[in-house]
Amino acid sequence: MSEQWIFQNIGIEHNDLVGKKCANLGEMRRANLPVPTGFSLSLKAYKKFMAETGALDEVAGALKTFEADPDDVTHISRFDTISKTLRKIVDSKRMPVSMAQKIAEQYRRLLEDGCALNAAVAVRSAGVASHPGQYETYLHVSGEDSVLKNIIRVWSSTFNARSLIARARAGAPLESDPIGVAVLQMVDAKSAGVMFTLNPVNGDVSKICIGGCWGLGEAVVSGEVTNDQWLVDKVTLEIIEREVAEKAKECGVDTRCGGVAYLDIAPERQCQPCLSDEEIIALAEHAKRVEKLFGVSQDIEWAIDRTLPFPGNIFIVQARPETVWSKTKAKEKVDTRSMFGEYDLGCIINQKARKERI
């Protein structure tokens, strides 16, 4: 397997080969959890691309005269400047022919699994270690050329200013940061969000917290939309608390440009919950399975497809260990504002929501 750089069947034992996100998705697929169909590019693919296109040498050359202290705020602008230079180098390269052919073949196989020609996929980064938000993801990518272009853009994101500063502080080489890439069938999400297999406010492991919004989950990541939130008893699956926010916008596909944008929500839908009770319970059941599979509390991203019937419309698109209460005693008080800042898709407490306690 070490000679390969593109994979479909993987698991957690391949974390160092394809990155944590890819490995975890593969492990969940093995366990028959509802994960979108897709394929993975390994860290070797990143290295192969950088070497064969000459990007590695060009990046190293551009960095020869670069000196900056990542802890000196007066030098941060230099990271922004060199980042633009390095990303321009990587983004200007074309995928080597042999790599392009293999990726296109996998993409066509993915379409044959039930998608129409040029069906959309998500192209997502996968680091060996978990660095939420450090690398980039591209959604609703359609067509072979666009898939190839966006894989390169994901690799290019290893040269964004945040990644360069992180490597400089760790004393790691700046010219290369191999990551994996997950190419997944895009869920046509009517709603999406995150769930934790504990209560993120107080660390109570007997609860499951589910947060969501209309459309794609990126609306929660950006803070553009305040999400709905439910608290579910992990044993009885009873919905204990529910908060329904007023949601004026959703992240979705803009038919005018074919890309992802923030769209206005019709007034009659703005104050409706983005999940039905049966969807909430089904998500909680999946959350319990994911936690059992990995053996620790989980931070899980989910999406509900608008075109499929329940329960086949529910998908898990990412899972990783919960990172706050694993380091904090469950009964200690924490500042929830700083705590949620560590999450990629945090269950943001909705100060404006109408709250109903059951």
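Which exposed residues are carried by the face of H5 turned away from its buried side? In this predicted model, that face of H5 carries Thr81, Lys84 and Lys88.

Helix H5 runs over residues 76-91 and has 16 residues, and the distance from its first C-alpha to its last is 22 Å, close to the 22 Å expected at 1.5 Å a residue. The buried residues of this helix are Phe79, Ile82, Ser83, Leu86, Arg87, Ile89 and Val90. They lie on the same side of H5 because the arc they cover around the axis is only 150°.

**Nonpolar cores**

The largest nonpolar core has 44 residues, and those with the most contacts inside it are Leu41, Met95, Ile103, Ile151 and Trp155. Apart from this core lies another, of 36 residues, which includes Met28, Trp214, Ile265 and Trp302. Trp155, when residues up to four places away in sequence are not counted, touches Leu41, Ala45, Tyr46, Phe49, Met95, Met99, Ile179 and Val181.

Gln106 lies in helix H6, which spans residues 97-112, and is buried, with a relative accessible area of 10%. Leaving aside its neighbours within four places in sequence, Gln106 is in contact with Ile6, Gln8 and Phe39.

Glu27 has its place in helix H2, residues 20-30, and is buried as well, with a relative accessible area of 14%. Its contacts, once neighbours within four places in sequence are left aside, are Ile10, Gly11, Ile12, Glu13, Leu293 and Phe294. Glu27 and Val290 are 263 residues apart in sequence, yet their C-alpha atoms are 9.8 Å apart in space.

**Cysteines**

How many disulfides does the structure hold? The structure holds zero disulfides. For Cys251, which is in no disulfide, the nearest cysteine sulfur is that of Cys213, 8.1 Å away, where a disulfide would need the two sulfur atoms within 2.5 Å. Cys274 is also in no disulfide, and the nearest cysteine sulfur to it, again that of Cys213, is 6.4 Å away. Cys274 counts as buried at 1% relative accessibility, and Cys251 is buried with a relative accessible area of 4%.

**Salt bridges**

The count of salt bridges comes to 20. In general terms, side chains of opposite charge can pair when their charged atoms come close.

| Pair | Closest N and O atoms |
|---|---|
| Arg109 and Glu105 | 2.9 Å |
| Asp188 and Arg306 | 3.1 Å |
| Asp228 and Lys247 | 2.8 Å |

Arg109 and Glu105 both lie in helix H6, four residues apart, which is about one turn of the helix. Arg109 is partly exposed, with a relative accessible area of 37%, and Glu105 is partly exposed at 36%.

The salt bridge of Asp188 with Arg306 links distant parts of the chain, 118 residues apart, with Asp188 in the loop between strand E5 (180-185) and strand E6 (189-196) and Arg306 in the loop between strand E12 (298-305) and strand E13 (314-321). Asp188 is partly exposed, with a relative accessible area of 34%, and Arg306 is likewise partly exposed, with a value of 46%.

Methods: Residues numbered from 1 in each chain as written. Predicted model: local features only at pLDDT ≥ 70, side-chain atom pairs only at ≥ 80, totals over all residues. Heavy atoms only, no water. Buried < 20%, exposed > 50% of the residue type's maximum accessible area, 1.4 Å probe, protein only. Helix = DSSP H or I, 4+ residues; strand = E, 2+ residues; numbered from the N terminus. Contact = heavy atoms within 4.5 Å. Core = buried A, V, L, I, M, F, W, Y, C linked by side-chain atoms within 4.5 Å. Expected span 1.5 Å × (residues − 1). Arc of directions from axis to C-beta. Salt bridge = Lys/Arg side-chain N within 4 Å of Asp/Glu carboxyl O.
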